[in-house]
Amino acid sequence: MSGSNEPRSPGGERDPILEADASTHPQHRQKFVLHEWVREKLAWTGRLTRRQIRFFLIMLGASWGVIFESFRSHSWRRTVRYEFGTTLNSVIGGGLIATMFAGTLTGVAAVSQTIYWLGLAGMAKMTGTILIDVVIREIAPILVGILLLGRNGMLSVTELGLLTTGGEIRSMQAQGLDPFLLLVMPRTLAFTVGGFTLGILFSFAALVTGYIISRMSGVVTNPVWTFLYDVITAMSHADYLVIPLKFITVGFVVGLGGCLTGLTATNEDNLRTLLPRGFSRGMLIVMAVSVLFSLDL
Amino acid sequence: MDTRTAGPLLELNKAVPSFEESGLPPVPFSMKLMPGDCMVVETRSSSRATMFADLCCGLVPLDAGVVKFMGLDWSDLHDREMNALRGRIGRITRRPSWPEFLNTHLAITLQQLHHTTRPMDEVVAEAARLAEWFGLPGLPVLPPSRLSDSDLLRAACVRAFIGHPRLLLLEDPLEASPVELQNPFLSAITDARDKGAGVIWLVRNNAIWQGYRQGITSMWRLADDGLVEVRTA
């Protein structure tokens with residue numbers, strides 16, 4: 001596709017029609033002034049920084065809000081329970097096949113290769129440790145986070161963004177329905193449970209597939225129970241805490257980030273601005289959680 | 001939260017709405033609505049009507065004055081209390097109000113299911129009865145986007161009147177509605193008033209409410225100079 005045929009974003013900074021119009025009116029041409037240009041760029045940087053910090057602070061506050069409200073029995077009204085159940089079904093039921101498939105591919109691509117090369121190098125005793133440290137602790141949370149973000153997180157961004165810009169959220173408030181209680185809290189908690197469930201299933205699928213491939217190629221001769229026992233004994237005490245916590249946190253922040261990106265949409269937003277923002281924020285959040293848990297843990 | 005059972009149901013006492021937040025004229029609004037009253041507010045602008053209804057619900061910040069519902073000042077309440085109080089308001093609005101992720105029957109019953117502990121069967125039975133009353137073949141279970149405009153209007157009436165609300169804020173559903181909706185709508189208003197509800201009926205056209213002229217207790221006009229009472233004689 002040529003550049004001239006690419007769709008233009010409405011309200012974008014470079015509008016070829018307006019530019020062409022301006023070029024026919026020389027009096028409208030503005031003189032390039034360096035300090036004005038620098039001021040504009042600084043203002044743009046400042047706006048961007050303020051917006052990102054604002055979202056980070058909203059995330060922190062909302063995280064506390066979700067945790068606090070989830071322990072209050074009054075928060076769990078039947079409408080909230082319904083939303084939790086529906087989202088949980090969508091996250092786990094809808095994402096199960098994709099997660100198992102991704103786990104299987106990881107098993108073929110990463111686990112079986114690790115077993116093969118460590119065996120070849122005479123370091124087969126380190127197989128369990130490396131699988132835990134690399135596949136389960138590092139790769140699995142990131143891939144599960146990306147799957148959650150792509151399948152359900154973006155759906156939340158779109159749904160809540162359109163509800164906010166369309167005015168339905170305001171109508172819900174007029175009925176006394178708090179969007180945070182009715183939508184954000186149950187969805188975030190459903191993502192949290194979903195993140196843990198899918199993460200464990202992903203890890204299991206990856207390990208079993210890796211074992212099957214290695215067994216078929218003759219690299220491993222032990223029964224599957226011995227292989228799984230080796231992996232489990234390679235886990236440290238901290239791993240029993242960090243691995244589930246990582247899955248839980250990834251699910252929590254992806255769910256919360258998606259809901260908040262949708263709810264903080266303004267009248268100037270549309271799908272063209274919401275979706276890229278939701279995706280980039282989600283990816284950033286997943287990577288940040290992954291890095292945070294890898295620091296000296 | 002102790003609500004008042006005697007005295008005005010809704011009271012605007014020199015309430016000056018924030019112009020930036022609402023677009024309403026920043027002048028003092030004063031009026032009282034007693035239980036069983038039906039007040040018609042005529043305004044040409046539908047967005048202004050919606051904002052006035054928001055003002056009555058405590059959704060518009062005030063620069064001065066107070067808005068009280070059931071004896072409680074909205075500005076003195078916490079979020080939870082405000083939401084609980086708004087659960088007693090039935091509303092038909094011109095603002096989009098049908099979330100697409102809920103089917104229509106859930107969107108209709110959502111307010112009752114959220115704010116009350118009434119059994120689900122009872123809520124559904126009442127919704128189905130009201131749906132038939134307003135001319136629907138039953139409680140609609142399709143997504144709102146698949147309903148026709150007139151059916152969605154009927155569904156909005158069901159949602160507003162379900163659960164015996166204490167206050168009804170009705171942004172003229174009779175405008176551009178099927179003729180056969182008029183009688184059920186007026187009967188539903190009378191029935192709600194008999195049970196102690198106050199009604200604020202926001203209209204754009206004076207002809208709309210003439211069929212209910214005998215039942216109107218006061219007539220007001222909302223314009224650039226604020227809320228002004230009009231003689232109905």
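These questions and answers walk through a predicted model with chains A and B.

Trainee: What should I know about the model before reading on?
Mentor: Residues are numbered from 1 along each chain as its sequence is written, and chains are lettered from A and ligands numbered from 1 in the order in which they are written. Local features need pLDDT of at least 70, side-chain atom pairs count only at pLDDT 80 or more, totals for chains, interfaces and linings use all residues, and the model is predicted.

Trainee: How many residues do chain A and chain B bring to their contact?
Mentor: Two residues are in contact if their C-beta atoms, placed from the backbone, lie within 7 Å. On that basis, chain B gives 22 residues and chain A gives 16 residues.

Trainee: Which helix supplies the largest share of the side of chain A that touches chain B?
Mentor: Helices (H or I, at least four residues) and strands (E, at least two) are DSSP runs, numbered from the N terminus. On chain A, α3 (78-120), α4 (127-166) and α5 (168-174) each supply at least two residues of that side. The largest share is 5 residues, and it comes from α5(A).

Trainee: How do the residues of that side of chain A divide by class?
Mentor: Ala, Val, Leu, Ile, Met, Phe, Trp, Tyr, Cys and Pro count as nonpolar, Asp, Glu, Lys and Arg as charged, and the others, Gly among them, as polar. The side of chain A that touches chain B has 3 nonpolar, 7 polar and 6 charged residues.

Trainee: Is A:R81 buried or exposed?
Mentor: A:R81 is found in helix α3 of chain A. A residue is buried if 20 or more other C-beta atoms lie within 10 Å of its own, exposed if 12 or fewer, and partly exposed in between, with C-beta atoms placed from the backbone. A:R81 has 12 other C-beta atoms within 10 Å, so A:R81 is exposed.

Trainee: What separates the C-alpha atoms of A:R81 and A:P186?
Mentor: Along the chain, these residues are 105 residues apart.

Trainee: How far apart are the end C-alpha atoms of residues 91-118 of chain A?
Mentor: UniProt, in an unreviewed entry, lists several "transmembrane region" spans on chain A, including residues 91-118 and 130-150. UniProt positions are in the numbering used here, feature names are shortened, and annotations may be inferred rather than shown by experiment. Residues 130-150 are 100% helix and 0% strand, with end C-alpha atoms 28 Å apart. Residues 91-118 are also 100% helix and 0% strand, and their ends are 36 Å apart.

Trainee: Are α8(A) and α9(A) roughly parallel or roughly antiparallel?
Mentor: Axes are lines fitted to C-alpha atoms, for helices over the stretch in contact, and angles run from 0 to 180 degrees between N-to-C directions. Angles under 35 degrees count as roughly parallel, over 145 as roughly antiparallel, 65 to 115 as roughly perpendicular and the rest as oblique. Helix α8 (residues 237-263) and helix α9 (residues 271-294) of chain A pack at about 155°, with axes 9 Å apart. That makes α8(A) and α9(A) roughly antiparallel.

Trainee: How do α4(B) and α5(B) lie to each other?
Mentor: The axes of α4 (residues 104-115) and α5 (residues 120-133) of chain B come within 10 Å and cross at roughly 125°. That makes α4(B) to α5(B) oblique.

Trainee: How many nonpolar residues are in the contact of α4(A) with α8(A)?
Mentor: The axes of α4(A) and α8(A) come within 7 Å and cross at roughly 20°. These helices are therefore roughly parallel to each other. Their contact has 10 polar and 4 charged residues, and the nonpolar count is 16.
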